[in-house]
Amino acid sequence: MKEKILLYFLLISFSCFSQTGKLTGKLILKDPENYKKVLENTYIILKTSIKTDSIKVDSDLRFAFEDVKAEEKIKIFISPRTYPINICYTLALKENEIENIEIPYTSTCPYSKDRNNVCPICSKNDKVLPIVYGFTAGISYKDKDGNPTDKNGKIISKEENEKVKYISGGCIVSDCQPTWFCQRDKLNF
Ligand SMILES: [Zn+2]
């Protein structure tokens with residue numbers, strides 16, 4: 001009996017002293033042409049160590065979570081994911097705090113896999129280099145006298161030999177990444 005009373009007391013004190021805050025936010029849509037689709041399909045997901053909540057965005061693409069437990073790590077995701085990298089936000093609220101966050105959101109991958117090498121800004125391809133992913137090593141060719149050549153054995157100038165032929169995209173390969181880089185506009189596409 002004594003234990004039961006103690007447990008009851010603990011439960012009451014837990015609910016009395018469990019402090020909360022409020023989290024509000026807004027998606028900053030980077031592809032506004034997809035607004036309608038985003039409005040219809042997009043949920044904000046809030047995850048703590050004990051529960052998961054989800055809320056659909058309103059017509060301003062805003063959302064609000066009331067009574068979020070304070071002093072606890074929470075994670076915010078967006079469903080469907082945001083592009084090009086799926087970002088997860090981690091934060092913790094203080095007691096009675098109202099936190100407002102603005103989340104940049106792109107609903108589709110901005111890089112098309114079948115796009116040709118014409119830069120969308122300057123509409124040219126003379127300064128466009130392929131982006132190579134994974135492990136890359138420079139390959140150079142020489143003839144028997146040590147002159148730099150191209151891969152077909154034709155002698156090329158020193159400048160030509162030292163020219164950058166591709167951009168390394170790093171080793172992490174994702175399902176949404178650019179394939180070309182325009183040196184003129186410093187643009188990945
Ligand atoms: Zn360009």
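Lysine 22 has isoleucine 98, in strand 7, as its bridge partner. Strands here are DSSP runs of E, at least two residues long, numbered from the N terminus. This is a predicted model, in which local features need pLDDT of at least 70, side-chain atom pairs count only at pLDDT 80 or more, and totals for chains, interfaces and linings use all residues. Residues are numbered from 1 along each chain as its sequence is written.

Start with the sheet. Two strands count as paired if DSSP finds at least two bridges between them. The open sheet has 3 strands in the order 4-1-7, and its pairing is mixed. Strand 4 (62-69) and strand 7 (98-105) are the edges. Each has a single partner strand, so one side of each lacks a neighbour in the sheet. On average, neighbouring strands of this sheet are turned by 20° against each other, direction ignored. The axes behind that angle are lines fitted to C-alpha atoms, with angles from 0 to 180 degrees between N-to-C directions.

Now the cores. In soluble globular proteins, nonpolar side chains tend to be buried together. The largest nonpolar core here has 6 residues: Leu27, Ile44, Val57, Phe63, Ile78 and Tyr105. Such a core is a set of buried Ala, Val, Leu, Ile, Met, Phe, Trp, Tyr and Cys residues joined through C-beta atoms within 7 Å. A second, separate core of 5 residues includes Leu23, Phe65, Ile74 and Leu93. Buried means 20 or more other C-beta atoms within 10 Å of a residue's own; exposed means 12 or fewer; partly exposed is in between; C-beta atoms are placed from the backbone.

Tyrosine 105 deserves a look. Leaving out residues up to four places away in sequence, tyrosine 105 touches Leu27, Ile28, Leu29, Lys30, Ile78 and Thr82. Contact requires C-beta atoms, placed from the backbone, within 7 Å.

Next, the backbone. Serine 79 and proline 80 are joined by a cis peptide bond, with omega about -5°. Tyrosine 83 and proline 84 are joined by a cis peptide bond too, with omega about 0°. Proline 80 sits in the loop between strand 5 (73-79) and strand 6 (89-92). Proline 84 lies in the loop between strand 5 and strand 6.

Two residues other than glycine have positive phi. Leucine 61 has phi near 65°. It is found in the loop between strand 3 (52-56) and strand 4. Leucine 61 counts as partly exposed because it has 18 C-beta neighbours inside 10 Å. Aspartate 67 has phi near 50° and lies in strand 4. With 12 other C-beta atoms within 10 Å, aspartate 67 is exposed.

Technical notes
Two residues are in contact if their C-beta atoms, placed from the backbone, lie within 7 Å. Helices (H or I, at least four residues) and strands (E, at least two) are DSSP runs, numbered from the N terminus.
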